[in-house]
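Please read the following briefing alongside the sequence and the coordinates. The points are grouped by topic, and the cut-offs behind each term are given where the term comes up.

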Protein chains: 2
Amino acid sequence: MDRRILNTQTLFRTQAIFVRGVSMLALIAIVATVAFCSNGTLKADEGMWLLNNLPVDYLKNTHGFTPDQKWSQHLMKSCVRFNVGGSASFVSSNGLVLTNHHVGSDTLYKLSTKENNYVKEGFLARTPAEELKAPDLELNQLIQISDVTEKVNQAVTSDLPAAEAAVARRARIGEIESAATEESGLRSDVVTLYGGGKYHLYQYKKYTDVRLVWAPEAAIAFFGGDADNFEYPRFNLDACIFRVYENDKPATIKHFFKWSDDGPAEDELVFVAGNPGRTSRIFTTDALRHQRDVRIPWSLDYIRRREILLQQFALEGPEQDRIARDQLFGFQNARKAYMGELQGLQDPALIGGKAAAEQRLLNEVKSNPSLKDHAAAWQVIADVQKRKLAQLREKLSLRTDLFEIAETLVQMAAEDQKPSPRRLARFQDSGRDSLKQKLFSTAPIYKNLEQVLLGDLIARTCEIRGADDPLCQKILDGKSPLERAAEMIGGTKLDDPEVRKEIAAGGAAAIAGSQDPLIRLAVAVDEKLRADQKISEEIAEIERQAYARIADALFRTQGTSVYPDATFTMRLAFGPVKGYQVGGKSIRAFTDVAGTFAHELNHAGQKDFVLPESWKQAKDKIPGSTKMNFVCTADIIGGNSGSPVVNQELELVGLIFDGNIQSLTADYVYNDKQGRAVSVHSNAIRDSLRYVYDARFLADQLGK
Amino acid sequence: MDRRILNTQTLFRTQAIFVRGVSMLALIAIVATVAFCSNGTLKADEGMWLLNNLPVDYLKNTHGFTPDQKWSQHLMKSCVRFNVGGSASFVSSNGLVLTNHHVGSDTLYKLSTKENNYVKEGFLARTPAEELKAPDLELNQLIQISDVTEKVNQAVTSDLPAAEAAVARRARIGEIESAATEESGLRSDVVTLYGGGKYHLYQYKKYTDVRLVWAPEAAIAFFGGDADNFEYPRFNLDACIFRVYENDKPATIKHFFKWSDDGPAEDELVFVAGNPGRTSRIFTTDALRHQRDVRIPWSLDYIRRREILLQQFALEGPEQDRIARDQLFGFQNARKAYMGELQGLQDPALIGGKAAAEQRLLNEVKSNPSLKDHAAAWQVIADVQKRKLAQLREKLSLRTDLFEIAETLVQMAAEDQKPSPRRLARFQDSGRDSLKQKLFSTAPIYKNLEQVLLGDLIARTCEIRGADDPLCQKILDGKSPLERAAEMIGGTKLDDPEVRKEIAAGGAAAIAGSQDPLIRLAVAVDEKLRADQKISEEIAEIERQAYARIADALFRTQGTSVYPDATFTMRLAFGPVKGYQVGGKSIRAFTDVAGTFAHELNHAGQKDFVLPESWKQAKDKIPGSTKMNFVCTADIIGGNSGSPVVNQELELVGLIFDGNIQSLTADYVYNDKQGRAVSVHSNAIRDSLRYVYDARFLADQLGK
């Protein structure tokens with residue numbers, strides 16, 4: 001499942017890899033969000049388009065379809081972003097929200113206990129009263145987009161050194177966001193697009209009272225497990241349903257998708273609206289080599305380490321298995337995704353193709369008197385890669401749930417003494433509500449798992465820096481990594497949200513006076529964490545300025561009708577429903593329920609290929625011809641999980657949950673020869689509610 | 001299970017991690033075999049003693065037992081070394097050999113097919129005719145030891161640079177071995193002891209017709225799986241029985257162990273005779289820091305990578321699972337062992353204690369006019385660690401079964417053109433029979449697994465060196481790592497032993513004329529592999545010379561009654577059968593059959609905690625009071641797996657199969673407070689043959 005990339009500015013301390021993992025593993029790339037397609041010649045239906053800049057001419061000329069303002073507005077407002085890192089949509093007037101099981105699983109996990117494992121067993125509320133409130137979920141509905149490029153750039157003069165430019169830009173963005181929030185009451189985020197070529201203000205209506213309505217069992221949501229992940233044909237019911245509330249009542253929703261009667265036909269053009277997390281298509285070949293030879297191998301070492309650690313923890317017993325499962329799945333998923341990316345980059349054809357296009361562009365730039373200064377930008381990018389390697393090793397990471405809480409409390413107390421625009425981005429006023437929702441979440445924290453994770457992170461820090469390094473000595477305090485973790489996790493009270501509230505309310509004095517061992521650790525390493533962040537920001541600013549020049553060169557040589565790289569903000573992709581060929585074998589576009597039962601049979605005795613009891617019992621009730629999954633050529637990536645797939649009439653026909661293995665290089669190149677987006681078919685959701693889960697009442701609400 | 005370290009000079013291409021894994025991961029440390037206890041003050045029953053230099057006075061004074069010449073000769077000749085990396089013993093006059101299931105599993109794996117999975121299902125031959133011949137097993141029985149220190153050292157004058165000294169020493173050792181083999185007909189190995197302070201010639205009778213008699217199911221041999229590995233209390237029947245043949249008949253054995261009637265009593269002194277693989281107790285603190293901060297983390301990254309890769313391969317189906325299982329177990333085991341080592345090294349108390357002893361010794365050395373030149377040795381060791389870090393990254397490794405075959409054929413053809421003593425060690429005449437037995441083994445090679453492993457090794461090489469590196473380009477030949485591996489493994493015919501024989505017989509001309517893609521690859525990288533080996537030898541020589549001076553300083557300040565570090569040659573350890581305390585809780589020395597069934601019940605529903613059908617059916621037959629496993633304080637390490645545990649009367653009372661988790665720092669320090677050697681009780685073997693496996697005929701042969 002394509003959950004690699006999820007990151008939002010105010011997001012922290014949510015569960016899975018995509019947050020803890022990616023904020024650690026992928027943030028350098030994310031911070032350096034450079035955005036924009038480097039290859040002026042689009043392939044077929046390539047593109048993750050801005051909602052305020054759709055490729056109207058292309059759609060008209062190629063597909064005979066012209067989206068108007070009303071169409072795109074309805075589409076935009078029917079979509080929902082899950083801030084844990086996924087996409088979703090409204091599917092009823094009474095607040096039903098459809099997303100993937102693997103996007104909702106963060107909440108399923110937080111709602112589960114030793115006695116009720118909703119991730120594994122599924123859940124169904126037969127009345128609104130039975131719906132379960134998520135402890136810390138924030139959903140965002142995009143309301144409007146405006147261009148603030150000029151305002152942002154005015155803050156940065158060309159003579160500022162990169163470090164200062166980064167601070168000035170951050171402050172200006174903070175001012176814009178605060179003013180917009182104050183004026184509108186909406187969540188207001190300034191988004192960097194086209195590698196700094198554009199800055200847009202995205203304003204969202206927030207929903208923070210979100211309740212679980214239905215989730216199937218993990219055994220059908222993730223049927224085939226790690227083995228089938230990223231494969232096709234697939235047979236997964238990777239779906240679940242929430243409901244948003246306002247004033248303790250189901251919210252009344254104006255913009256939602258109708259439910260298609262039959263889903264899409266083969267070759268039908270469909271649209272995917274969601275929040276792709278990150279692409280790197282503008283990357284220069286030097287930046288790609290850094291990814292290939294340094295960044296991804298480094299990340300994979302970390303991912304495999306964590307995967308084994310969690311497996312070992314899960315071996316201790318069934319309850320440990322339950323506690324570790326969600327994170328473990330996240331790491332397995334990330335490992336498979338990164339492996340696919342790396343294998344793509346190691347194919348000489350990929351970088352070779354990029355290099356040829358780059359050389360053509362460079363030749364044009366150098367031979368054009370008004371552009372030739374831009375050529376230096378490529379060298380800037382090449383040079384900064386070396387700093388990134390050093391920074392990978394240098395950067396301190398102790399991120400567990402509890403340490404992140406401590407770090408947030410410590411930094412918040414210090415940052416709040418400054419005016420909002422001068423603070424680190426996540427502590428500015430505009431994001432405070434979202435921050436508090438996470439920080440004071442009542443989601444359970446498991447100290448046994450926390451101890452294992454913190455112990456390993458301290459050990460890893462010692463391995464990377466050498467255990468005699470002064471920072472390590474400071475962290476270890478004369479003990480071994482495992483002893484130190486046991487002592488700190490044993491002693492901290494930060495697992496109690498009331499304790500957090502008290503410390504937060506007490507500000508700097510409460511921090512100074514706290515004897516909590518994790519608060520003391522966060523204070524001890526605060527200087528180091530801030531220094532790391534400063535270097536990250538400086539590198540990001542250098543890249544932003546260089547890529548802005550590369551983007552400008554592209555605009556001026558190849559026209560402006562291009563899409564920016566993904567930034568976990570709303571985009572539209574599209575393409576026909578279409579099978580493909582692998583090794584001379586045809587892979588059909590659709591799978592069905594009969595095939596699902598056959599798939600179980602074909603993998604008899606294999607773990608993760610056992611259908612849940614509910615499906616076995618419904619075998620004679622649910623039609624075997626009900627479509628299960630399908631593929632289309634739409635250009636998606638991690639973060640798109642949970643995206644609605646709709647037809648031209650804006651009826652929901654599917655639910656994105658994965659890309660196939662051939663699409664895993666989508667971070668760098670779009671490929672519609674074999675690369676495919678994989679969706680749950682709308683009929684599978686409707687019919688399983690009707691025939692498997694005895695929830696016709698819920699099926700009847702879909703699209704109404 | 002303590003199988004970390006297994007390596008012999010002529011050993012290659014056997015299956016498990018200990019060979020492929022360790023020859024890649026641990027060879028640097030092994031090549032640098034520095035041997036000798038750095039701390040003159042022995043703790044309690046510390047020590048892995050040479051059979052020709054037993055601590056007679058200590059045994060007499062502390063335990064009131066005086067081993068005589070007859071005793072030690074009978075002990076020595078009753079023991080057997082498994083060249084795949086374990087220990088064993090003769091237990092009957094008609095050739096029965098007892099070792100661990102996990103030592104025999106290499107052969108069980110090679111004998112298994114899709115239809116007959118002996119690793120999983122076990123095996124029993126009811127008649128000699130049913131015994132299964134191992135395709136490439138070599139067992140060694142130590143016959144005599146002689147001191148050749150002077151002969152070896154005469155070859156190396158003090159003015160020789162390290163690289164030349166290494167070559168001269170290797171040549172001299174080759175001459176000694178060849179002459180001894182020729183004269184005696186015995187396998188003759190010169191062993192470096194006390195870090196180069198001593199060289200002993202070990203002469204072995206070889207058994208190469210070895211047949212499988214009995215093995216239990218993996219479910220009881222490895223009951224509790226990865227979760228219970230290195231834990232105690234334990235309940236494992238980690239045993240299997242082979243028989244050696246001569247002239248196609250069961251060999252008549254003069255020296256074998258009698259079988260004890262009741263096994264050992266609590267607190268009884270027992271003896272462990274076997275082949276501990278490697279310890280590093282002489283290491284200076286700089287060398288320990290290298291282990292802690294560089295070497296072990298590097299190895300663990302590799303191990304985790306391979307572990308995940310094999311897990312993924314096994315997910316593809318039941319047959320793939322069978323094929324991958326043996327290697328997977330090896331890597332899981334190594335990972336857990338290295339983790340324990342690393343955690344020990346990261347405890348400041350360990351290196352702190354070593355540093356204090358080192359400082360005391362250094363002070364003595366510096367204040368003694370006849371020794372003060374020796375102080376420079378510590379600096380030499382410190383300096384050479386930096387080269388080891390560079391070499392870790394620099395060294396090429398493409399070792400899969402098939403690539404190793406290709407590499408061996410290529411190097412053998414070239415080396416055979418030189419006189420034997422000038423060849424690389426493993427191609428000298430004295431080891432040729434052993435080399436051929438491995439090279440022409442009929443053990444199956446699975447191309448699907450080979451392809452995955454080679455693809456990953458090529459990818460890893462690209463990650464480490466950068467894919468644009470000239471050596472990578474040479475290996476890749478314009479393709480991606482996975483494509484290249486598919487092409488080469490698909491095209492090679494080296495999986496056929498007849499093809500190997502033909503190429504080997506054809507010598508250099510056959511290599512030059514071969515179009516086999518793996519032969520061509522081995523030729524292409526031969527220069528690099530030889531350069532790597534040269535650097536390894538040079539580093540080893542530098543360390544040998546420096547540690548020899550440190551050893552000399554120790555001898556001269558603290559006396560000579562010390563044992564050398566382990567070198568996978570025969571040693572005697574001893575200590576009482578004794579429980580221990582953990583966190584205020586008493587761990588009893590013995591477990592029993594009733595506890596085994598209870599252990600299954602306590603872990604109901606957990607993978608690897610399900611007893612095999614045979615045990616369930618025998619529950620009412622085998623006495624619940626039969627002892628299952630026990631612990632003693634003997635000083636052991638990886639390589640000791642399969643060692644006989646005997647009493648003063650030289651009756652077999654147990655079978656070493658593991659160390660507990662508290663013993664995992666034994667590479668660096670002995671610890672008898674909590675560290676324990678874990679054995680299968682002799683009664684468990686006898687009674688399970690009688691009552692579970694319906695093999696009273698075999699039980700009746702034990703000790704007779």
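How many residues of chain B are in contact with residues of chain A? In this predicted model, 30 residues of chain B are in contact with 30 residues of chain A, where two residues are in contact if their C-beta atoms, placed from the backbone, lie within 7 Å. Because the model is predicted, local features need pLDDT of at least 70 and side-chain atom pairs count only at pLDDT 80 or more, while totals for chains, interfaces and linings use all residues. Residues are numbered from 1 along each chain as its sequence is written, and chains are lettered from A and ligands numbered from 1 in the order in which they are written.

**The side of chain B that touches chain A**

- On the side of chain B that touches chain A, at least two residues each come from α10 (225–228), α11 (285–314), α12 (318–345), α17 (447–465) and α19 (481–491) of chain B; helices (H or I, at least four residues) and strands (E, at least two) are DSSP runs, numbered from the N terminus.
- The element that gives the most to this side of chain B is α11(B), with nine residues.
- Sorted by class, this side of chain B has 11 nonpolar, six polar and 13 charged residues, where Ala, Val, Leu, Ile, Met, Phe, Trp, Tyr, Cys and Pro count as nonpolar, Asp, Glu, Lys and Arg as charged, and the others, Gly among them, as polar.
- Helix α10 of chain B holds B:Ala227, which, leaving aside its neighbours within four places in sequence, is in contact with A:Leu315, A:Glu316 and B:Asp608.
- B:Ala227 counts as partly exposed because it has 17 C-beta neighbours inside 10 Å; a residue is buried if 20 or more other C-beta atoms lie within 10 Å of its own, exposed if 12 or fewer, and partly exposed in between, with C-beta atoms placed from the backbone.
- Although B:Ala227 and B:Phe609 are 382 residues apart in sequence, they are 9.4 Å apart in space, C-alpha to C-alpha.

**Chain A as a whole**

- Chain A contains 25 helices and 22 strands.
- The radius of gyration of chain A is 24 Å, close to the 27 Å that the globule rule gives for 704 residues, so chain A is as compact as a globular protein of that length; the radius is taken over C-alpha atoms, and the rule is 2.2 Å times the number of residues to the power 0.38.
- The C-alpha trace of chain A spans about 65 × 65 × 50 Å along its principal axes, and 58% of the 704 residues in chain A are buried.
- Of the contacts in chain A with a separation of 6 or more, 79% are between residues 24 or more positions apart.

**Domains of chain A**

- Chain A is divided into domain 1 (17–138 + 208–281 + 565–699) and domain 2 (284–389), with bounds that come from an automatic or database domain assignment.
- The centres of domain 1 and domain 2 of chain A, taken over C-alpha atoms, are separated by 25 Å, and the contact takes 22 residues from domain 1 and 22 residues from domain 2.
- On the side of domain 1 that touches domain 2, the elements giving two or more residues are α1 (17–25) and α5 (101–111) of chain A, and α1(A) gives the most, with four residues.

**Strand β14 of chain B**

- In strand β14 (residues 269–274) of chain B, six of six residues are buried, with B:Leu269, B:Phe271 and B:Ala273 on one side and B:Val270, B:Val272 and B:Gly274 on the other.
- In a regular strand the side chains alternate between the two faces of the sheet.
- β14(B) pairs in the antiparallel sense with strand β15 (residues 571–576) of chain B over six bridges, and B:Ala273 stands opposite B:Leu572 in β15(B); two strands pair if DSSP finds at least two bridges between them.
- Two bridges also join β14(B) to strand β20 (residues 644–646) of chain B, and these run antiparallel, with B:Val272 opposite B:Val645 in β20(B).

**Backbone geometry**

- Most residues other than glycine have a negative phi, and most peptide bonds are trans.
- The peptide bond from A:Tyr232 to A:Pro233 is cis, with omega near 5°, and a cis peptide bond also joins B:Tyr232 and B:Pro233, where omega is about 0°.
- Phi of B:Asp267 is near 70°, a positive value in a residue other than glycine, and B:Asp267 lies in the loop between β13 (258–259) and β14 of chain B.
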